[in-house]
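Trainee: Could we go through this model together? I would like to start with the sheet and then turn to the helices and the aromatic rings.

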Amino acid sequence: MTDTKTRKDGRSPNELRSISITRNWQVNGEGSVLVEFGRTRVLCVASFVEGVPRWRKGGGEGWVTAEYAMLPRAGSERSGRESVRGKIGGRTHEISRLIGRSLRGVVDVAALGENTITLDCDVLQADGGTRTAAVTGAYVALTDAVAWGTRRGYVKARAGKPVIADSVSAVSVGIIDGVPCLDLPYEEDVRAQTDMNVVQTGAGNFIEVQGTAEHAPFDRTELGTLLDLATKGNAELAALQARVLAGPDDVPFTVSTSERAVQSPAGTGPAAGVEEG
């Protein structure tokens with residue numbers, strides 16, 4: 001990989017987009033986060049509710065799940081609401097399940113009691129990487145929801161076992177014009193020779209790797225390079241998550257890869273006019 005080669009947006013191949021995480025973005029929810037990967041913006045809200053799905057009742061364990069959706073004008077053209085159509089699309093189901101699996105990979109559900117934490121991840125603006133942004137933001141919202149439940153006695157850590165074992169984040173990688181690249185915007189994602197979404201813990205362990213050769217097969221060397229890029233990116237995201245969680249937990253608080261941490265007003269809305277991804 002040639003680090004000196006720049007991409008259309010001016011980044012080097014191993015560079016993340018500008019990443020921003022705003023904690024406590026809205027007043028409702030036991031955890032709420034606005035996460036921004038470049039022009040992609042996703043609102044992640046955690047709700048802590050009593051009870052578990054019917055198939056888990058009586059087992060004494062809780063559940064963590066997620067629902068993902070895109071607002072009708074998150075992309076360059078309006079898309080109809082799936083709730084109005086009366087049918088949830090396959091992509092929506094897939095991403096919802098990915099987010100839930102990713103979070104359950106680091107949570108001791110036995111510590112939750114028979115309670116459920118649901119992460120609603122709504123894409124406000126899409127420019128590629130919506131699922132990776134959702135996983136990254138949902139972890140922060142989940143952490144706040146667990147803290148909320150712990151303060152009220154609903155969540156009780158088991159001896160020697162933390163409720164949340166590690167952080168979790170996700171990032172995309174791909175081969176663009178023959179060059180492995182980190183964190184793909186829509187313009188790169190649609191023409192990538194190979195693209196992957198990689199979910200990792202803060203320790204660098206893998207939870208999920210989704211990879212597809214779109215135009216040409218990739219070899220083991222390219223796979224290794226892409227995973228190395230993802231590991232670098234996820235390490236940077238984990239550091240950003242730790243920074244925002246170290247800040248105040250009762251006011252909107254923003255950290256960014258390009259700026260120092262700042263308190264920010266709630267409800268700051270997205271800009272318009274980017275493409276769906």
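This is a predicted model: local features need pLDDT of at least 70, side-chain atom pairs count only at pLDDT 80 or more; totals for chains, interfaces and linings use all residues.

Trainee: What is the strand order in the open sheet of four strands?

Mentor: The order is β7-β6-β8-β9, with antiparallel pairing. Strands here are DSSP runs of E with at least two residues, helices are runs of H or I with at least four, and both are numbered from the N terminus. Two strands pair if DSSP finds at least two bridges between them.

Trainee: And which are the edge strands?

Mentor: β7 (179–182) and β9 each pair on one side only. Neighbouring strands of the sheet are turned by 15 degrees against each other on average, direction ignored.

Trainee: How many bridges are there between β6 and β7?

Mentor: Four bridges join β6 (residues 168–176) to β7 in the antiparallel sense. Val173 has Leu182 of β7 as its bridge partner.

Trainee: What about β8 and β9, how many bridges join them?

Mentor: Seven, and these strands also run antiparallel. Thr194 stands opposite Ala213 in β9. The hairpin of β8 and β9 has four residues between the strands, and Gly204 there takes a positive phi near 95 degrees. Asn205 lies in the loop between β8 (194–201) and β9 (206–213).

Trainee: What does Asn205 touch, leaving out residues up to four places away in sequence?

Mentor: Asn205 touches Val199 and Gln200, where contact means heavy atoms within 4.5 Å.

Trainee: Now the helices. At what angle do α3 and α5 pack?

Mentor: The angle is about 30 degrees, with the axes 11 Å apart. Axes are lines fitted to C-alpha atoms, for helices over the stretch in contact, and angles run from 0 to 180 degrees between N-to-C directions. Among the contacting residues are Tyr139 and Val140 of α3 and Leu237 and Gln241 of α5.

Trainee: Is α3 largely enclosed or largely open?

Mentor: Largely enclosed by the rest of the structure, because 19 of its 22 residues are buried. Buried means under 20% relative accessible area, exposed means over 50%, and partly exposed lies in between (1.4 Å probe, protein chains only). After α3 comes Gly153, whose phi is positive, near 85 degrees.

Trainee: Changing topic, how many aromatic pairs are there?

Mentor: The count is four. Rings of Phe, Tyr and Trp (its six-membered ring) pair if their centres lie within 6.5 Å; planes under 30 degrees apart count as stacked, over 60 as edge-to-face and the rest as tilted. Trp55 and Trp63 form an edge-to-face pair, at 5.0 Å centre to centre and 80 degrees between the planes.

Trainee: Is Trp55 buried or exposed? And Trp63, buried or exposed?

Mentor: Trp55 is exposed, with a relative accessible area of 60%, whereas Trp63 counts as buried at 16% relative accessibility.

Trainee: Why is the pair of Trp148 and Tyr154 tilted?

Mentor: Their planes stand at 35 degrees, with the ring centres 5.9 Å apart, so the pair is tilted. Tyr154 counts as partly exposed, at 43% relative accessibility. Ring pairs link Trp148 and Tyr154 with Phe48 into a cluster.

Methods
Residues are numbered from 1 along each chain as its sequence is written. Side-chain values use heavy atoms; hydrogens and water are left out.
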